[in-house]
Amino acid sequence: MHQKKERLQKIISACGITSRREAEKIIAEGRVKINGVTATLGQSAQLGTDTITVDGTVLTDTGKSIYIMLNKPCGYITTVKDQRGRKTVMELVSDAEQRVFPVGRLDLDSEGLLLFTNDGDFANRVMHPSYSINKTYEADVIGDAAKAAKLMKKPLKIDGHTVQAHSVRQINETKTGGTLEIIIAEGRNRQVRKMCNICGVKVSVLRRISIGTINLGGLKPGHWRHLTDDEVNSIGKRHTACN
């Protein structure tokens, strides 16, 4: 149990509802109440003393942190709930022993490594730019893969932001293009796809194969497993991205 008052978004995240960032959104949307009164951003509460509800469900302390990796297939949206009725990644981890939420995102058409947890601090370490945790992708592309790999090593302007890959290399060649291994430290919306488009190639298949030192390995699509202690602890270390 929490022994003192804490920021509401931290409590929601610690209970395995969603990440702190997403928790701020649902508070702003008026979906959270403290002792029957709609909460506002910036409020604090004490779990176990105050009654906190999200969409009418009372929060309880899970008491145990869990960490999961999923090999996400295409066709699933990375969200806890989708109002348009599309398949979500939560369906694939519904048999986990605790309620968890996805850490970061993979878009509907992307596949590969996706982490889940009920530990808000862990999620923050994975996603926060200050930790500079590299994410490795393999992109099957159509077009001049070799030329794109060279261009992608330089700073690129995407949605008003300058981004730069940590490293890019072509790992095979096909009649229509090839496969690029792309490592980035940022995680902007559809960043890898946009980088490829700017550099003249179209992504046909995009898969994430690692986050930091956590690798997808031989995990089958649609399956999940718990992270090892070493994998969890590796996220606790700050990484320095090379320029």
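## A first look

Ser210 has Asn215 of β16 as its bridge partner. This is a predicted model, in which local features need pLDDT of at least 70, side-chain atom pairs count only at pLDDT 80 or more, and totals for chains, interfaces and linings use all residues. Residues are numbered from 1 along each chain as its sequence is written, and side-chain values use heavy atoms, with hydrogens and water left out.

A strand here is a DSSP run of E with at least two residues, numbered from the N terminus. Two strands pair if DSSP finds at least two bridges between them.

**Around strand β15**

- Strand β15 covers residues 202–211, and β9 (residues 111–117) pairs with β15 in the parallel sense over two bridges.
- Within that pairing, Arg208 in β15 stands opposite Gly112.
- Strand β10 (residues 135–142) also pairs with β15, here in the antiparallel sense and over eight bridges.
- Ser210 in β15 has Thr136 opposite it.
- Strand β16 (residues 214–215) runs antiparallel to β15, and two bridges join them.
- β15 and β16 form a hairpin with two residues between the strands, where Gly212 takes a positive phi near 60°.

**A four-stranded open sheet**

- Four strands make up an open sheet with antiparallel pairing, and their order is β3-β2-β5-β6.
- At the edges are β3 (37–38) and β6 (57–58), each of which pairs on one side only.
- Strand β2 (residues 32–34) is joined to β3 by two bridges in the antiparallel sense.
- Lys33 finds its bridge partner in β3, namely Thr38.

**Cysteines without a disulfide**

- A disulfide is a covalent bond between the sulfur atoms of two cysteines.
- The cut-off used here is a pair of cysteine sulfur atoms within 2.5 Å, and the structure holds zero disulfides.
- Cys199 is in no disulfide either, and the nearest cysteine sulfur, that of Cys196, is 7.2 Å away.
- For accessibility, buried means under 20% relative accessible area, exposed over 50%, and partly exposed in between (1.4 Å probe, protein chains only).
- Cys74 counts as partly exposed because its relative accessibility is 39%.
- Cys199, with a relative accessible area of 6%, is buried.
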